[in-house]
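Could you open the model in your viewer and keep the selection panel at hand? We will go from stop to stop together.

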Amino acid sequence: MAYHHFAAPEDTSKILASFVRPGGSLFVIDILSDGTGRDLVHGDELDDVVPHKGGFEETRIKGMFSVAGLSDFEMGVLVPDLVVKGNTFSTFLARGVKPL
């Protein structure tokens, strides 16, 4: 649950994928966008450390993984309606495989 803290998660995906061996998988768990565009994580103390308060849509994560050279993309809801510090959101688990 760190992608929402990265200013450039696309770059982070490329870096992480570079460490994955052929046939291996990259897994990411983070906040799932609810599709409304609204912030799902609130709090003034988070303004400087959470650039992606609305979470991520599946199409964006899939695109990040594709550009990072990963295939066989899968993504699904991991924990629905999680409550953390008064914020309610769902989390996802995404997986991409580095081709052989």
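This is a predicted model: local features need pLDDT of at least 70, side-chain atom pairs count only at pLDDT 80 or more; totals for chains, interfaces and linings use all residues.

Residues are numbered from 1 along each chain as its sequence is written, and side-chain values use heavy atoms, with hydrogens and water left out.

**Stop 1: helix H2**

Please select residues 58-67, which form helix H2. Helices here are DSSP runs of H or I with at least four residues, strands are E runs of at least two, and both are numbered from the N terminus. Which residues of H2 are buried? They are Ile61, Met64 and Phe65; buried means under 20% relative accessible area, exposed means over 50%, and partly exposed lies in between (1.4 Å probe, protein chains only). Look down the axis of H2: the buried residues fall within an arc of 95°, so they line one face of the helix. That arc is taken from the directions from the helix axis to the C-beta atoms.

Turn to the face pointing away from the buried side, and you will find the exposed residues Thr59 and Val67. Now show what covers the buried residues of H2: the cover includes helix H1 (9-18), S1, S2 and strand S3 (87-97).

**Stop 2: the core**

Next, select Tyr3, Leu26, Ile61, Phe65, Met75, Phe92 and Ala94. Of the 16 residues in the largest nonpolar core, these touch the most other members. S1, H2, S2 and S3 each supply at least two residues of this core. Such a core is a set of buried Ala, Val, Leu, Ile, Met, Phe, Trp, Tyr and Cys residues joined through side-chain atoms within 4.5 Å.

Centre the view on Tyr3. Leaving out residues up to four places away in sequence, its contacts (heavy atoms within 4.5 Å) include Pro9, Leu16, Leu26, His52, Ile61, Met64 and Phe65.

**Stop 3: salt bridges**

How many salt bridges does a search of the whole structure find? It finds three, each needing a side-chain nitrogen of Lys or Arg within 4 Å of a carboxyl oxygen of Asp or Glu.

- Select Arg60 and Glu10, whose closest N and O atoms are 2.8 Å apart. This pair links distant parts of the chain, with Arg60 in helix H2 and Glu10 in helix H1, 50 residues apart.
- Select Arg95 and Glu74, which meet at 2.8 Å, N to O. Here too distant parts of the chain are linked: Arg95 is in strand S3 and Glu74 in strand S2, 21 residues apart.
- Select Arg38 and Asp34, where the N to O distance is 2.9 Å. Arg38 is partly exposed at 46% relative accessibility, and Asp34 is partly exposed at 34%.

**Stop 4: strand S2 and Leu82**

Now pick Leu82, in strand S2. Is Leu82 buried, partly exposed or exposed? At 27% relative accessibility, Leu82 counts as partly exposed. Not counting residues up to four places away in sequence, Leu82 touches Asn87, Thr88, Phe89 and Thr91.
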